[in-house]
Amino acid sequence: MNPANLDVIDPTAMGAIRVGVLAMQGAFREHIRAFEELGASARPVRTPDDLASVDGVVLPGGESTTMDKLTRKFGLQEPLRRRIEADMPVLATCAGVILLARELRDGLPDQQTLGLLPIAVRRNAYGRQPESFECELDIAGLDEPFHAVFIRAPVIEEIDAGVEVMATYGGAPVAIQSGQVMGLAFHPELTRDRRLHQLFLDTVSARSHRAAQSSGA
Ligand code: GLN
């Protein structure tokens with residue numbers, strides 16, 4: 001009601017964007033730090049209530065089999081699926097891409113995925129090459145190359161039409177965009193370069209802004 005306070009509640013202001021990072025296991029602290037450096041508020045997501053309080057979520061790298069088990073154990077699998085189906089922006093990195101994929105190859109027999117990203121991935125498929133490596137990637141939307149760190153990364157073997165390839169390595173997509181989901185086979189949180197985190201914040205901010213407008217806020 002008070003126009004003087006509008007900037008305080010502006011959902012597009014960086015400080016007002018609430019980003020969650022799935023914190024079951026893996027590299028979640030590094031993502032939280034990256035967003036805080038950019039002036040956004042980031043918090044760990046461990047419960048359905050945590051998830052309900054954020055505008056966008058990061059599915060970090062780590063061990064997808066463990067993350068899958070814990071996500072189910074903590075009752076987060078269905079809430080995550082529902083929010084992402086309802087258009088919540090997602091930044092999925094490495095094991096996070098596995099968690100989201102529609103088809104998983106070389107997963108454990110009881111391993112589940114959310115099945116929401118229309119791609120097929122193979123776990124640990126850089127195995128015969130050095131398992132972990134770094135390279136410079138040209139990524140759509142970034143002016144300068146990005147130094148990418150791959151750690152036992154999955155290979156994205158198939159993508160549906162409609163999935164945008166932002167970068168490739170060795171002929172396979174390693175950065176993709178599908179609707180409001182950005183999927184990276186590498187670990188952007190392990191370098192000092194925050195451009196991909198900023199890109200994700202821009203997506204979250206644009207969506208929050210649109211939601212606020214359509215609700216008349
Ligand atoms: N190899 C891991 C898995 O299959 C992914 C590795 C990572 O996230 N850096 O879950």
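Reader: What does the secondary structure of the chain come to?

Author: Seven helices and twelve strands. Keep in mind that this is a predicted model.

Reader: What makes a radius of gyration of 17 Å agree with a compact globule?

Author: Start from the length. The rule takes 2.2 Å times the number of residues to the power 0.38. With 217 residues, that puts a compact globule near 17 Å, and the chain has 17 Å, so the two agree. As for the outline, the C-alpha atoms fill a box of roughly 60 × 40 × 30 Å along the principal axes.

Reader: How much of the chain is buried?

Author: Buried residues come to 39% of the 217. On contacts, take those between residues at least 6 apart in sequence: 66% of them join residues at least 24 apart.

Reader: Why is F28 called buried?

Author: Count its neighbours. The cut-off for buried is 20 or more other C-beta atoms within 10 Å. F28 has 24 within that distance, so it's buried. You'll find F28 in helix α2, which covers residues 28-37.

Reader: Which residues does F28 touch, leaving out those up to four places away in sequence?

Author: V21, L22, A23, P44 and P60. To be in contact, two C-beta atoms have to lie within 7 Å. Q112 is another story: F28 and Q112 are 84 residues apart in sequence and 20 Å apart in space, C-alpha to C-alpha.

Reader: What makes β5 and β9 the edge strands?

Author: The sheet is an open one of three strands, in the order β5-β6-β9, with mixed pairing. β5 (101-105) and β9 (155-159) each pair on one side only, and that makes them the edges. From one strand to the next, the twist averages 30 degrees.

Reader: How do you know that β6 and β9 pair?

Author: Pairing takes at least two bridges between two strands. Four bridges join β6 (residues 117-122) to β9, and the two run antiparallel. If you want a spot to look at, I119 stands opposite I159 in β9.

Reader: Which residues are around the ligand?

Author: Here they are: G61, G62, E63, S64, C94, A95, I98, R123, N124, I151 and R152. Each has its C-beta atom, placed from the backbone, within 6 Å of the ligand.

Reader: How does that shell divide into nonpolar, polar and charged?

Author: Four nonpolar, four polar and three charged.

Key. Residues numbered from 1 in each chain as written. Predicted model: local features only at pLDDT ≥ 70, side-chain atom pairs only at ≥ 80, totals over all residues. Axes fitted to C-alpha atoms, helices over the stretch in contact; angles between N-to-C directions. Nonpolar A, V, L, I, M, F, W, Y, C, P; charged D, E, K, R; others polar. Buried ≥ 20, exposed ≤ 12 C-beta atoms within 10 Å, placed from the backbone.
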